[in-house]
Amino acid sequence: MQKEIQVQVEQGVMLPLMEEFYTIQGEGFHKGTAAYFIRIGGCDVGCHWCDVKESWNAAIHPPTSIDAIVKNAELHSNTVVVTGGEPLTWNMGPLTQSLKNKGLQTHIETSGAYPLTGQWDWICLSPKKIKLPKDEIYKAADELKVIVYNKDDFRFAEAQAAQVSSTCILYLQPEWSKRDTVIPLIVDYVMANPKWKVSLQTHKYLNIP
């Protein structure tokens, strides 16, 4: 049975589900929008400041049928955000096809470190220095969200912005634990470089998931 489940996970018809919840999108272009979040376990990118480190080990999150995931999602919202962990660790094709069959909008938040799978209405690319995005995802990204932890992240942000399409919206977002230090730097940077916008984790200010 375990082998059969593993095959289904590899096919993308079951996924290691960490959590699912209905809330308000707190970040980026769609902030303030009610959305159903599906958090998939598994990530080897390993950002030291990650605020969901418990998502990294896929083995501790139960393989769950995408039929059950989609059934829950359609009860709550027309907008579904798939996040992680790193959701592109897995084949997102079957999940997004099922969501689209229900007429739902599919959004993904990804580091882009793995090949792009699935059908997406919105792709938020949040690249990380330690495992850079695949070339194919740069042109597909609708928004680029770079987390600013220190001053070098502005250099990294420009290098990443040079690779996305001209229509991609550019965001700089303070790393939460360093927000008091880096927000003034981000504000000054955006004012000097207005192609960028500021993204804040408004859900944390609102004290919601």
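Trainee: Let's start with helix α6 (residues 179-192): which strands does it lie across?
Mentor: Helix α6 lies across β7, β8 and β9, and runs at about 150° to β8. Helices (H or I, at least four residues) and strands (E, at least two) are DSSP runs, numbered from the N terminus. For the angle, axes are lines fitted to C-alpha atoms, for helices over the stretch in contact, and angles run from 0 to 180 degrees between N-to-C directions. Bear in mind that this is a predicted model, where local features need pLDDT of at least 70, side-chain atom pairs count only at pLDDT 80 or more, and totals for chains, interfaces and linings use all residues. Residues are numbered from 1 along each chain as its sequence is written, and side-chain values use heavy atoms, with hydrogens and water left out.

Trainee: What is the strand order of the sheet?
Mentor: It's an open sheet of nine strands, ordered β3-β1-β2-β4-β5-β6-β7-β8-β9, with mixed pairing. Two strands pair if DSSP finds at least two bridges between them.

Trainee: What makes β3 (63-65) and β9 (196-198) edge strands?
Mentor: Each of them pairs on one side only. On average, neighbouring strands of this sheet are turned by 30° against each other, direction ignored.

Trainee: And what does helix α5 (residues 152-161) touch?
Mentor: Helix α5 packs on the sheet against β7 (143-148), β8 (169-174) and β9, with its direction at about 165° to that of β7.

Trainee: How do you know that β4 (residues 79-83) and β5 pair?
Mentor: They share four bridges, in the parallel sense. The rule asks for at least two, so they pass.

Trainee: Why is T110 called buried?
Mentor: Buried means under 20% relative accessible area, exposed over 50%, and partly exposed in between (1.4 Å probe, protein chains only). T110 comes in at 3%, so it counts as buried. T110 sits in strand β5 (residues 105-110).

Trainee: What makes T110 and E86 a polar contact?
Mentor: You need a pair of N or O atoms within 3.5 Å; within protein, one must be able to donate a hydrogen and the other to accept it, and residues adjacent in sequence count only if both atoms are side-chain atoms. The side chains of T110 and E86 make one at 2.8 Å. A polar atom of the T110 side chain also lies 2.8 Å from the backbone nitrogen of G112.

Trainee: Is T33 buried, exposed or partly exposed?
Mentor: T33 has a relative accessible area of 29%, so it is partly exposed. T33 is placed in the loop between β1 and β2, and a polar atom of its side chain lies 2.8 Å from the backbone oxygen of H30.

Trainee: How many aromatic pairs are there?
Mentor: Three. Rings of Phe, Tyr and Trp (its six-membered ring) pair if their centres lie within 6.5 Å; planes under 30 degrees apart count as stacked, over 60 as edge-to-face and the rest as tilted.

Trainee: Why is F21 with F37 called stacked?
Mentor: Their ring centres are 5.5 Å apart and their planes are at 5°, so the pair is stacked. F21 is in strand β1 (residues 14-24) and F37 in strand β2 (residues 34-40), 16 residues apart. F21 is buried at 15%, and F37 at 8%.

Trainee: And why is F154 with Y189 stacked?
Mentor: The centres are 4.6 Å apart and the planes at 25°, so that pair is stacked too. F154 lies in helix α5 and Y189 in helix α6, so the pair ties together parts that are 35 residues apart in sequence.

How values were computed:
Contact = heavy atoms within 4.5 Å.
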